[in-house]
Amino acid sequence: MSKDTTDGNPPGSDDLRLAHRCSFCGKPSAQVARLFAGHDSYICNECVGLCYDILDSAAGVDFSTQILEIPTPAEIKGYLDNYVIGQEYAKKSVAVAVYNHYKRINHLVKQKSTQSRQTDIDIELEKSNILLLGPTGTGKTLIAKTLAKFLKVPFCIADATVLTEAGYVGEDVENILVRLYQTANYDPTATERGIVYVDEIDKISRTDDNPSITRDVSGEGVQQGLLKILEGSIVNIPPKGGRKHPEQAFVQIDTTNILFICGGAFDGLEKIISRRIGKKRVGFEARKTRVDPNTPNLMGEVTPADLLEYGLIPELIGRLPVVAPLDALDEKAMLSILVEPRNAITKQYQRLLEMDGVNLTFEPGALKAAVKEATKRKTGARALRSIFERAMLDLMFDAPTMKNVDDVVITAESIKGTGKPRRITKLPKKMTG
């Protein structure tokens, strides 16, 4: 708005003055106390007052913190199905937890915007962080990444093994929030709606049943440090990371609405579970039953007591109420991983070779050979990538300069290293005339 037409009207008749009207209510300048002029538009003092009342009544509502369209659990799981093969229970558990988490955020926003005091007696909805446990290469990190991509929220991965208790050499626990803040383009509001995946959470298990004997700065000390950000609190973080010092400027981040997903392989947890299940007795004469730790889906029987015996402190277990076990991948699942997901390894290589004008195909025997080799390595789906990288190296090196080659077929021999991919050359065109 540039000027007030009632203050120093230009010389002219009343008809000229009546020609100016409020662009919102339509009243001429003669019927209002003041009329403010903008670029080819006007607004009267009455409309300004009305706008002020509307803004004042909506004070405290931060619409940027609301999630306008929360996908249903079925929609979340459906999206995960495009990238994560199997793990039905884990995907369903995560989908429900994420849906309830963002529904809870909207509920809190509405509470803050309500002027009445009735919310004082409302039911308090607590945050439900997630614990993913299962063998390496089963899709724990992939689930967290895919979730963040689908929800379009800031996401970061933190490695628990490099964290130490405050004051010791290593990374402070609060540096996790610094990474999320940087991923959110230094926007605190976006940061407070993000997702953090803490990997290798099992590696910070307590090393001794009696924590008072030694100082476990990378074990129980880190677990204690994680409690503060997991449960929801105001944390002062240095925007650029590093250690804190008194003269540094800090950014306040409220972790109440940040979803934490912790993952770990928890090697040896199966033995604890099998030992507990084997102790079940019926009657005085019943014998102890031995349960094989290698029993499939044994992780599904995990209880908080098992995690406590493994080395997690009770407070941390309580902050991770949603426990989603992932099963070890069998050969059938790994075959599906090679061809079905949107980001399947075979599809990625086909697209890369297509850019060089080469049509790439994989023989069924080649896929089976890769799966058998990956099974021997016992690192789940992670092994598949390294197996194909080795088998495809020479082909990827030659592809940009290959001439007269239309098709390349990956064989079982090329996967095993006993042969090379089969190259099919173009047939020369017959001369006519």
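Select Lys-416 first. Lys-416 sits in helix α16, residues 412-416. The model is predicted. With 59% relative accessibility, Lys-416 counts as exposed, because the cut-off for exposed is over 50%.

Which helix gives the patch its largest share? Helix α14, residues 364-377, does, with 3 residues.

Stay by α14 and pick Glu-363 and Arg-422. These two form a salt bridge, with the closest N and O atoms 3.2 Å apart. Glu-363 is in the loop between β11 (359-362) and α14, while Arg-422 is in strand β13 (residues 422-425), so the pair ties together parts 59 residues apart in sequence. Glu-363 is partly exposed, at 26% relative accessible area. Arg-422 is also partly exposed, at 41%.

Next, select helix α12, residues 331-339. Its buried residues include Ala-333, Met-334, Ser-336, Ile-337 and Leu-338. What covers them? The cover includes α13 (345-354), α14 and α15 (382-398).

Move to helix α6, residues 175-183. Here Asn-175, Ile-176, Leu-177, Val-178, Leu-180 and Tyr-181 are buried. Step just past the end of α6 to Asn-185, which takes a positive phi of about 60°.

Go on to helix α3, residues 73-81, and show Lys-77 and Asp-81. Their side chains meet in a salt bridge, 3.2 Å from N to O. The two residues are 4 apart in the helix, which means about one helical turn separates them. In general, residues three or four places apart on an α-helix point the same way, because a turn takes 3.6 residues. Is Lys-77 buried or exposed? Lys-77 is buried, at 16% relative accessible area. Asp-81 is partly exposed, at 30%.

One more pair: select Lys-27 and Glu-46. They form a salt bridge, and the closest N and O atoms are 2.7 Å apart. This pair links distant parts of the chain, 19 residues apart: Lys-27 is in the loop between α1 (14-18) and β2 (35-37), and Glu-46 is in helix α2, residues 45-57. Lys-27 is partly exposed, at 30% relative accessibility. Glu-46 is partly exposed too, at 38%.

Finally, zoom out to the whole protein. There are 16 helices and 13 strands. Of the 433 residues, 41% are buried. The salt bridges come to 16. The protein exposes about 24,900 Å², with carbon and sulfur atoms supplying 52% of that area.

Technical notes: Residues numbered from 1 in each chain as written. Predicted model: local features only at pLDDT ≥ 70, side-chain atom pairs only at ≥ 80, totals over all residues. Heavy atoms only, no water. Buried < 20%, exposed > 50% of the residue type's maximum accessible area, 1.4 Å probe, protein only. Contact = heavy atoms within 4.5 Å. Areas by Shrake-Rupley, 256 points an atom, 1.4 Å probe, with all protein chains shown as cover. Salt bridge = Lys/Arg side-chain N within 4 Å of Asp/Glu carboxyl O.
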